[in-house]
Amino acid sequence: MKQHIETLLAQAGNRRDEKTGAISTPIYQTASFRHPALGESTGFDYSRSANPTRQALEETLATLDGGIRGFAFASGLAAIDTVLHLFKSGDRLIVTEDLYGGTFRLFEKVFRPFGIEAVYVDTSDLDSVKKAIQQPGIKGFFVETPTNPLLKIADIRALCALARPLGILTLVDNTFLTPVFQRPLELGADIAIYSATKYLAGHNDVVAGAVTVKSTILAEQLAFYQNAIGGILGPQDAWLTLRGLKTLSLRVHQQQDNALRIATWLTAHPHVRKVYYPGLPHHPGRHILEREQIGPGSMIAFEIDDAARVPAILSGVKVFLFAESLGGVESLITYPAVQTHADIDPATRDRLGINNRLLRLSIGIENVDDLIQDLEAVL
Amino acid sequence: MKLETTLIHSGKDRDPYTGASSIPIYQTSTFAQPDPEHPGPYDYARSGNPTREALEHSIAVLEGGSTGLAFASGVAATSSVLLLFKPGDHLIVGNDIYGGTYRILTTLFTRWKLDFSFVDSTNPEAVRKAITPATKAIFVESPANPLLTITNLRAMVEIARAHNLLAIIDNTFMTPYLQRPLELGFDIVIHSATKFLGGHSDLIAGLAVTRDETLGRHLKAIHNTFGAILGPQDSWLVQRGIRTLGVRLEAQQKSAGQIALWLQSHPAVKKVFYPGLPEHPGHGIHVRQADGAGAVLSFELADKACVLRLLATAKLALPAVSLGGVESILSYPAMMSHAAMPREERLFRGITDGLVRLSVGLEAPDDLMNDLESALSKK
């Protein structure tokens, strides 16, 4: 019998410590493991290669995504960096254009000099993607959906159908939705990537990354790169991420309920010009959401009428914290143009709609009336 | 602010120095002093630690008290509270008190000439009759462990006020999310924070809150003198647990209600004890003093053999002591929480050899019922 995701989450990492029966996975704060005898191993030799605490997390991640293997990294960017080592000089990737600024920086400042080129496309527009794959050397799709910060939705099934016959790998950054709301591997993607700092760990107290795959070949390649590059997650943070996962389903459902209320409220506010939230009935990605996602998540972007108001909003909020990051139990407000997307040139930002009137909200699990009152007071 | 918001923003949970959204873990024993004539706010971590203080502040705010204190375990909190009394003082203690508390009283404090009577606190008249000139306090649990008996808290406060007694309650089963005894007039609330407050079966901790500041100062002096304080790492983890207390308890309570109804109609189950059931003897009182029935229930099977078979066969609910975690736990009071109590005494309290306690976790309730069903129907 396949268990529900709530059950898998609540019991993540249980029943692993045979010796003591400890319900919570032990934190193996060790670098090395004693060998029983020459040429023998317990399965653990050196913690960079494998650590029992990290393994509990990695196996959980794989199960949640319906994959065969999971990997935990020191950060979301360490995860992406490791995955991008699957490509070689001369390869091109089609990349979602309103991409997380850190991933953009990684592509432009680190991988482009090595001859790996990102071709930025609106991946929510299938025709643009079809046009872009005519270029020579396309070996991968790197898709964020919903995108950051404009919450555009890509059709993962359709993209995978395009990619597969051409031998193109599809990589999906599933940070915003998590396996509770979207399972890219089940929709056909080859690799799912997460900044586990966000919803997976969920308490704004860990920096971590995760990757899941469903093919043996990719699993072996990534295991090799994880060990060779070494951007692994430490045992304490692996354990905290595992602890965070136990309440993932509860948190993201509550956050989503709150987000829908707030997005609806913002839509009617006189100083708000535009609200980007896939849970709203007229969101352009709504039909894809209904086919491929279980829920729209809890990220909202909105445009106010006057950029001059922004400083007062950011310093006036009392419940929302003015901080980067997202996905935690506490609500955060971010100014994408100067924070998360500062590395994207101003012309591109403007074209995409990431202008200086745009604010992004990550909705937490506070009481929704308190959140609305807080926004009301500053708007 | 509503409770869901206070769980996340209680006031001292941000770092004033760096703005970190999570309070730092101050893993330090001592604090450098600027100048001996003007000592800083912290000197030695037993007396005060900023991480522990954030938690102590949270629990005080949530319970609506003046002073919160964090202890190394629930029984450390109880023992410290009992040190408020002196030899010759008499306490009235609820019959259904937790086995660990029973043990402290009958093995430790009795040698220090603290006198006590165990009384059926569900009967206010019995409590009133037990008062002697030496009586100084009433100490109850509601719902009590493991039969979930309900004590009328307002009636206890009335008796305590009339006779100048301290009213003390162990609020572990409810947490301030569901029941706030200080608001009803109690003087001291005690928690095993190991349970719902920590919530992840991964730490041992106790908390105490006083309504009155003077009483708080006395208890704080004992806290510092006796020194059974909670360490910074565990303080931080309890605080992290509290952030999801609301969403966890809501989900656990909902599942518990469903499972209680299902068990009630099961042929192998003789009786179900759960305050959310209308036929539960204390149901009427409970709904007037608490916001929900919680997530712990007990049920009675035919005999010890049936219980042992259930514990051996259940695959999902873990056979273990403790409760309140994200994972469901089945326990056998006769051999676990009440093992310290003589058999006659135990049977007199209705804790039979067929009684099982279930702490309902976050697994999908269907998975839990399927698991219990296959375990209960096994011959």
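Trainee: How many bridges join strand β5 of chain A to strand β6 of chain A, and how do the strands run?

Mentor: Two strands count as paired if DSSP finds at least two bridges between them. In this predicted model, 3 bridges join β5 (residues 169-173) and β6 (residues 191-195) of chain A. The two strands run parallel. For a residue-level handle, take Val172(A), which stands opposite Ala192(A) in β6(A).

Trainee: Now chain B. What order do the strands of its open sheet take?

Mentor: The order is β1-β7-β6-β5-β4-β2-β3 (chain B). There are 7 strands, and the pairing is mixed. At the edges stand β1 (67-71) and β3 (115-119) of chain B. Each of these has a single partner strand, so one of its sides lacks a neighbour in the sheet. Neighbouring strands are turned by 20 degrees against each other on average, direction ignored.

Trainee: Over how many bridges do β4 and β5 of chain B pair?

Mentor: Over 5 bridges, in the parallel sense. The strands are β4 (residues 135-141) and β5 (residues 166-170) of chain B. Within this region, Ala137(B) stands opposite Leu166(B) in β5(B).

Trainee: Which strands does helix α2 of chain B lie across?

Mentor: Helix α2 (residues 50-63) lies across β1, β6 (188-192) and β7 (206-210) of chain B. Its direction is about 130 degrees to β1(B).

Trainee: How does the radius of gyration of chain B compare with that of a compact globule?

Mentor: With 379 residues, a compact globule would have a radius of gyration near 21 Å. Chain B has 21 Å, so the two agree. Along the principal axes, its C-alpha atoms fill a box of roughly 75 × 50 × 35 Å.

Trainee: What share of the residues in chain B is buried?

Mentor: Buried residues make up 55% of the 379. Among contacts in chain B with a separation of 6 or more, 73% come from residues 24 or more positions apart.

Trainee: Which domains does the assignment give for chain A?

Mentor: Domain 1 (5-245) and domain 2 (248-378). Their C-alpha centres lie 25 Å apart. The contact takes 35 residues from domain 1 of chain A and 34 residues from domain 2 of chain A. On the domain 1 side, the elements giving two or more residues are α1 (5-10), α4 (101-111), α6 (156-163), α7 (178-181) and α9 (235-245) of chain A. By class, that side has 18 nonpolar, 9 polar and 8 charged residues.

Trainee: And how is chain B divided?

Mentor: Into domain 1 (3-243) and domain 2 (245-377). The C-alpha centres of these domains of chain B lie 25 Å apart. Their contact takes 36 residues from domain 1 and 34 residues from domain 2.

Trainee: Last one. How many residues of chain B are in contact with chain A?

Mentor: The size of an interface is often given as the accessible area lost when the parts come together. Here we count residues. 27 residues of chain B are in contact with 31 residues of chain A. On the chain B side, α1 (3-6), α10 (232-243), α11 (245-264) and α15 (365-377) each give two or more residues. α11(B) gives the most, with 3 residues. By class, the chain B side divides into 9 nonpolar, 8 polar and 10 charged residues.

Key:
Residues numbered from 1 in each chain as written. Chains lettered and ligands numbered in written order. Predicted model: local features only at pLDDT ≥ 70, side-chain atom pairs only at ≥ 80, totals over all residues. Helix = DSSP H or I, 4+ residues; strand = E, 2+ residues; numbered from the N terminus. Domains from an automatic or database assignment. Contact = placed C-beta atoms within 7 Å. Nonpolar A, V, L, I, M, F, W, Y, C, P; charged D, E, K, R; others polar. Axes fitted to C-alpha atoms, helices over the stretch in contact; angles between N-to-C directions. Rg over C-alpha atoms; globule rule 2.2 N^0.38 Å. Buried ≥ 20, exposed ≤ 12 C-beta atoms within 10 Å, placed from the backbone.
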